[in-house]
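Student: Hi, I have a model open and would like to talk it through. Could you take a look with me?

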Amino acid sequence: MSNLWGVVPAAGSGRRMATEVPKQYLRVAGSPLLEHALQALLACSELRRLVVVLDPTDRRADEVASLRDPRVATVAGGLERADSVLSGLRSLSDVAGADDWVLVHDAARPCLPPEDMRRLIDAVLASGCGGLLAQRITDTVKRTADGRRVVATLDRTTLWRAQTPQIFRWAELCAALEQMQQQGLIATDEASAMEQAGYEVQIVEGSSRNFKVTVPDDLPIAEYYLKTTVAARL
Ligand code: C5P
């Protein structure tokens with residue numbers, strides 16, 4: 001069986017959160033968001049190594065206990081999320097085989113349900129086709145021309161909200177992200193780079209709990225999910 005490696009981009013500044021502390025270090029339910037994300041991933045025994053991509057100028061990583069786990073390694077990130085992911089992927093070149101799988105998960109998604117991650121891993125390994133967790137869109141979605149005037153209403157039955165984890169083969173994902181970089185395009189997730197490169201990408205339905213903490217209003221929601229998940233496990 002191919003190995004499974006992990007990359008967690010955690011080098012963002014969290015501009016939309018408008019706090020001095022980058023969002024991955026904001027504390028929710030007693031721990032930094034990054035700690036919750038790492039604990040969810042480290043619970044998966046198949047993950048051989050987890051590369052956490054950090055901003056080397058910030059000192060807050062010391063507060064994240066899981067960064068001292070023997071399976072965890074850290075590397076420096078880049079300007080955009082895709083640059084940080086590539087930096088994490090390249091750091092695996094000494095150990096990863098071309099066909100090995102790599103799971104990429106945002107530090108800003110602290111409430112990943114273990115059963116969602118399990119379903120994604122099982123679906124990818126069983127089919128050999130890379131994929132991502134995603135959530136059905138229940139709102140009616142509009143497209144605007146100028147940020148104000150509506151020009152279209154999209155067919156929501158075909159639309160999905162992409163989440164992470166996303167799992168793809170190591171060499172294919174490196175090449176797909178590099179290709180987008182060379183074209184001057186910014187991939188906001190791994191799947192978009194794989195789609196651009198012509199690969200088939202599968203969706204595995206995930207839950208709304210696995211949302212990305214982005215604005216201050218998201219923090220109490222994450223707190224609620226984390227507390228109720230822990231309570232449910234007791
Ligand atoms: O900014 P956004 O919410 O899309 O960030 C998603 C994830 O990517 C976060 O965990 C963030 O820390 C990470 N990121 C990164 N390097 C960047 C920008 C974002 O690792 N340059």
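We will go through a helix and then the aromatic rings.

Tutor: Happy to! Keep in mind that this is a predicted model.

Student: Which ones are buried in helix 1?

Tutor: The buried residues in helix 1 are Leu 33, Leu 34, Glu 35, His 36, Ala 37, Leu 38, Ala 40, Leu 41 and Leu 42.

Student: Switching to rings now. How many aromatic pairs does the structure hold?

Tutor: There are 2 aromatic pairs. In one of them, the ring centres of Phe 211 and Tyr 225 are 6.0 Å apart and the planes sit at 70°, so this pair is edge-to-face.

Student: Where in the chain are those two?

Tutor: Phe 211 is in the loop between strand 11 (202–205) and helix 6 (218–233), while Tyr 225 is in helix 6. The two are 14 residues apart, and their pair links distant parts of the chain.

Student: And is Phe 211 buried or exposed?

Tutor: Phe 211 counts as buried, because its relative accessibility is 15%. Tyr 225 counts as buried too, at 17%.

Student: What about Tyr 224 and Tyr 225, how are their rings arranged?

Tutor: Those two form a tilted pair, with 6.0 Å centre to centre and 50° between the planes. Tyr 224 itself is exposed, with a relative accessible area of 51%.

Student: Which residues do the ring pairs link into a cluster?

Tutor: Phe 211, Tyr 224 and Tyr 225 are linked into a cluster by ring pairs.

Key:
Residues numbered from 1 in each chain as written. Predicted model: local features only at pLDDT ≥ 70, side-chain atom pairs only at ≥ 80, totals over all residues. Heavy atoms only, no water. Buried < 20%, exposed > 50% of the residue type's maximum accessible area, 1.4 Å probe, protein only. Helix = DSSP H or I, 4+ residues; strand = E, 2+ residues; numbered from the N terminus. Phe/Tyr/Trp six-rings, centres within 6.5 Å; stacked < 30°, edge-to-face > 60°.
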